[in-house]
Amino acid sequence: MGLEACLFDLDGVLVDTAKYHYLAWKQLANSLGFDFSEEENEQLKGISRVESLRKILAWGGVDFPQERQDELAVLKNGWYVEMISEMTANEVLPGSIKLLEELKSNHIKIGLGSASKNAKLILDNTGLTPYFDALVDGNIVNKSKPDPAVFLKGAELLNVDPKSCVVFEDASAGVEAALRAEMKAIGIGAEKDLGKAHLVVSDLTHIDLKTIQNLF
Ligand code: B16
Ligand code: MG
């Protein structure tokens, strides 16, 4: 079976929103009287908002009733949304537009598979929305990666066989989700973190249609 569709994770693949997540979570932790390291922050990539909060509170050695946790998540998201509201097309990561254009002109379907509930706002602000034939985000699927649901839903909306899809992911949980969906996985980042992927590159400038088709 050949390539029919490409499914893109958002944060860490097409844009770097991790830096804004970090700033907003840090602000929240600081307001609660503790801090966490950039290394710990790495563990939050690709993880949902509620799971991120749970981890951060554990790092700070604090715990709150569910109602208070919900309030904290809303507070963090407010700060985060303020930051991403300022994003522009300049923040689209290198190689993204060239690859999306090449896929479009070759009639390869394009889908989003992100855990974020703010994905639409980010795509709109960075001018990426028109490239997508289907959007699957944290509002549509609530099972977190490595569950394959986010990518299987993408294949379903694009009306293609999962085996004909390639996933672009920066998080190891996302690579795992793609493999569980029986899709090809291209890791964006370091081999040591994403070694299970069919191919690992540092960014999308290293990818063109030919490279993707060679995975089949
Ligand atoms: P939100 P992705 C993920 O985006 C981020 O990597 C992760 O850090 C974040 O917690 C998650 O989205 C949820 O984001 O708070 O905006 O709903 O990599 O799946 O595109
Ligand atoms: Mg990501």
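This report describes strands, a metal site, a ligand site and some backbone details of a predicted model.

## Basis of the model

Residues are numbered from 1 along each chain as its sequence is written, while chains are lettered from A and ligands numbered from 1 in the order in which they are written. Because the model is predicted, local features need pLDDT of at least 70 and side-chain atom pairs count only at pLDDT 80 or more, with totals for chains, interfaces and linings using all residues; side-chain values use heavy atoms, and hydrogens and water are left out.

Strand β1 spans residues 5–8; helices (H or I, at least four residues) and strands (E, at least two) are DSSP runs, numbered from the N terminus. A5 and L7 on one side of β1 and C6 and F8 on the other are all buried, so both faces are covered. Here buried means under 20% relative accessible area, exposed over 50%, and partly exposed in between (1.4 Å probe, protein chains only).

Two strands pair if DSSP finds at least two bridges between them. β1 pairs with strand β2 (residues 109–113) in the parallel sense over four bridges, and A5 stands opposite K109 in β2. β1 and β4 also run parallel, joined by four bridges. The bridge partner of A5 in β4 is C165.

## The magnesium site

The magnesium ion (ligand 2) is coordinated by D9 (OD), D11 (O) and D170 (OD), at 2.0 to 2.2 Å. Donors are N, O and S atoms within 2.8 Å of the metal (3.2 Å for Na, K and Ca), and sites may look incomplete because water is not among the atoms. Along the chain, the donors follow the spacing D-x1-D-x158-D. D11 lies in the loop between β1 and α1 (18–31) and D170 in the loop between β4 and α8 (172–180), so the pair ties together parts that are 159 residues apart in sequence. D11 counts as buried at 15% relative accessibility, and D170 counts as buried at 16%.

E169 is in strand β4 (residues 165–169) and is buried, with a relative accessible area of 1%. Its side chain joins that of K145 in a polar contact of 2.7 Å. A polar contact is a pair of N or O atoms within 3.5 Å; within protein, one must be able to donate a hydrogen and the other to accept it, and residues adjacent in sequence count only if both atoms are side-chain atoms. Not counting residues up to four places away in sequence, E169 touches residues including D9, F151 and I188, where contact means heavy atoms within 4.5 Å.

## The site of ligand 1

Of the 18 residues around ligand 1, I47, S114, S116, K117 and N118 come nearest; a residue is near a molecule or strand if one of its heavy atoms lies within 4 Å of it. An oxygen atom of ligand 1 is 2.8 Å from an N or O atom in the side chain of R49, and an oxygen atom of the ligand is 2.7 Å from an N or O atom in the side chain of N118. The protein covers 98% of the 470 Å² of accessible area that ligand 1 has on its own. Accessible areas come from the Shrake-Rupley method with a 1.4 Å probe; for residues, only the protein chains shown count as cover.

## Backbone details

Most residues other than glycine have a negative phi, and most peptide bonds are trans. The peptide bond from K145 to P146 is cis, with omega near 20°. Phi of H107 is near 60°, a positive value, and H107 counts as exposed at 70% relative accessibility.
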